[in-house]
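This report describes selected features of one protein chain. Please keep the sequence and the model in view while reading.

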Amino acid sequence: VNGNIVEEGVYNIGTIGVDSPLRVQLIFKAISSGASIIKLGINSQTQTELDLTYNINVKPNKKFTLEMTPKVIVPFLDNLLFFEARDGNTPLNGVIVTLKKGNTILGNATTNGEGIAQYTLSPPRAGEEITIIAKKEGYDEIVLPKKADKGILTIIPMEIAVTIKVGRILA
């Protein structure tokens, strides 16, 4: 109403004079798929002057994929994270990737024309959970919970190969 976003309800848009032009523009954002009803009415002091009902069918959102490289978050180090968003084989531009720790937003990155975004995550503590949320209008939201894995810092080789040569040492 008057350029402001409003929720569901009845709103007074002021006085309309006889033969006065009136322009009503409804802009809405669908948050789920299915059928929705929009009712528009104008009441005068004596009667209903306009009573319209619009049935809007909202198509279901499409799905996309989000890949994070590297696959793990390393504790105690800065982590340079790359995100790739795709709709099938097509890179998705404009996907907003948000990183959160609990309810705190750590930062955002937006994918480019190649579907790639990058973000440098400050050193997390071991075991700390980071939630990655990817959003794009017209697509379902993706939520990826990740933990800073302290096990990644412990590397135990599966096998060690050593060659020892026995012989004379010349000085």
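Is Glu-128 buried or exposed? Glu-128 is buried, as its relative accessible area is 13%; buried means under 20% relative accessible area, exposed over 50%, and partly exposed in between (1.4 Å probe, protein chains only).

## Basis of the model

The model is predicted: local features need pLDDT of at least 70, side-chain atom pairs count only at pLDDT 80 or more, and totals for chains, interfaces and linings use all residues. Residues are numbered from 1 along each chain as its sequence is written, and side-chain values use heavy atoms, without hydrogens and water.

## Salt bridges

A salt bridge places a side-chain nitrogen of Lys or Arg within 4 Å of a carboxyl oxygen of Asp or Glu. The structure holds seven salt bridges. One of them joins Glu-128 to Lys-101, at 3.5 Å from N to O. This pair links distant parts of the chain, 27 residues apart. Lys-101 is partly exposed, with a relative accessible area of 34%. Together with Arg-125, Lys-101 and Glu-128 are linked in a network of salt bridges.

Lys-63 forms a salt bridge with Asp-140, and their closest N and O atoms are 2.6 Å apart. Lys-63 counts as exposed at 61% relative accessibility, whereas Asp-140 counts as partly exposed at 28%.

## Strand 8

Strands are DSSP runs (E, at least two residues), numbered from the N terminus.

Notes:
Helix = DSSP H or I, 4+ residues; strand = E, 2+ residues; numbered from the N terminus.
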